[in-house]
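Take a look at the model first, then read on.

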Amino acid sequence: MGSEPLFPLHHRWEVMPLGEVCRRGGGNVQTGPFGSQLHASDYVSDGIPSVMPQNIGDNKILYTGIAKITREDAERLSKYRMREGDIVYSRRGDVERRALVRKTEDGWLCGTGCLRIRFGDEFVYPRYAAHYLGHPSVREWIVRHAHGATMPNLNTTILSELPFVLPPWSAQVLIGDAIEAYDRKLDLNRRINQTLEAMAQAIFQSWFVDFDPVKAKIAAKAEGRDPLRAAMTAVSGKADAELDALPPEQYEQLAATAALFPDEMEESEVGEVPKGWSVGTLSNFASFQNGYAFKTKDWTDSGHPVVKIGNVKPGIIDLSGCSLVAHETVNGLDRFALKKGDLLVGMTGYVGETGLVPALYSVAYLNQRVGRISTVNGVSDIGYPFCLVRDPAYKAYAESKAHGSAQANVSGKDLMDYQAVVPDAGVLKIFNAQVAKIINALLSYHEENQSLAALRDTLLPRLLSGELLVADAMAEAVA
């Protein structure tokens, strides 16, 4: 099974089962410890990290919420410890996802529910192996061969039979580094997007949760200082000297924004809010629409994408792998057509998960149990609802309203009844304008990443077939 290459090969490079590749290099494919060897009670707050399936990201180990074991247990289970250059898989669920073990993770444990690939020293270049194993064709092979009707299950036998192309070491290094250059650009864009969303949330927190500009005015009045200047500092984060250095037009614009915030607080049903503001719900800012109930028989091999629950990924909707419907099926369903900047929310399963719709290359449609939170002007005035629902508190609220023993479900009414402060219309307009710029940047970086990822995924077959030279691939990557 492992001797037939998954890609056309120009060179006479070896193709062999992955398990044989590991054996030749002195490595192996093995599972992590079984549950009987490591119990939930063995985990500690401070110790050696143990990588579980939930810690396996896209070619990297996710540190959030990682379990830890004592040094004594790590020694007892030393055969399961990872080395730099190993690759770790989940045995169940998203079995095609893998993570390359970096230097900082050397000595960590390959935990229960995981598989570890070890190639040996200077036989397989880890970066080449990681990118080879991450190619969509290889991932599809793994999913296709994994056992399990309801949930895929991967084992050492299946993984050991995977066809693996083994170029000479020098070619592995060149290919691995060329593809890594694309991954670095992708990762940089992801981190920029995380920073951009954090910026939007910081402004939202300051203006509409902590009421910093209002409280700055109140404090300034009590201390005999200029309330407007105090609010300008709170809005901009600039000290007095920096405010004075602003160009006149920018200074006046900032002063006009600060002037919109009141200088008093008043009681409400949720505590003190700025005077003149009120307390409402998400429905004060947006409307809600559930998706269309497409049927299983509607799915086709080509046509229009349909966004289902599984596509609602945090932040930005994942349009890859969408089910498709024919053009005839969506006749008369224009009101369910999606547009760039729509804000979608999961209503079943992972309730309260939210994401923006990116640019669409074909008209996409909304499936049932996915809700659309929309505003009159789209991206221009979606900023406040976006920040409101992207706060973790919103997801926690949605989960608290969900019902159903087999699968959590939440209603559109409950999702829109989420409590929110209703600010002055002028403040809201300025905030939405600022966040619109951030949302457009978020979508732009995401779209660039979609193009980069598609280009990256064409590299491996082209490099292995000889269609593309490594030097040309590197030049494209750094362009």
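The notes below start with salt bridges and end with a sheet.

This is a predicted model, where local features need pLDDT of at least 70 and side-chain atom pairs count only at pLDDT 80 or more, while totals for chains, interfaces and linings use all residues. Residues are numbered from 1 along each chain as its sequence is written, and side-chain values use heavy atoms, with hydrogens and water left out.

**Salt bridges**

The whole structure holds 30 salt bridges (a side-chain nitrogen of Lys or Arg within 4 Å of a carboxyl oxygen of Asp or Glu). Among them are these:

| Pair | N to O distance |
|---|---|
| Arg 191 and Asp 187 | 3.1 Å |
| Arg 229 and Asp 244 | 3.0 Å |
| Lys 297 and Asp 298 | 3.8 Å |

Arg 229 sits in helix H8 and Asp 244 in helix H9, so this pair ties together parts 15 residues apart in sequence (helices are DSSP runs of H or I, at least four residues, and strands are runs of E, at least two, numbered from the N terminus). Arg 229 is buried at 16% relative accessible area, whereas Asp 244 is exposed at 55% (buried means under 20%, exposed over 50%, partly exposed in between, with a 1.4 Å probe and protein chains only).

**His 446**

His 446 belongs to helix H14 and is buried, at 16%. Leaving aside residues up to four places away in sequence, His 446 touches Asn 193, Ile 316, Ile 317 and Pro 358 (heavy atoms within 4.5 Å).

**The sheet**

An open, mixed sheet has four strands in the order E14-E17-E15-E20 (strands pair if DSSP finds at least two bridges between them). Strands E14 and E20 are at the edges, each with a single partner strand. E15 and E20 pair in the parallel sense.
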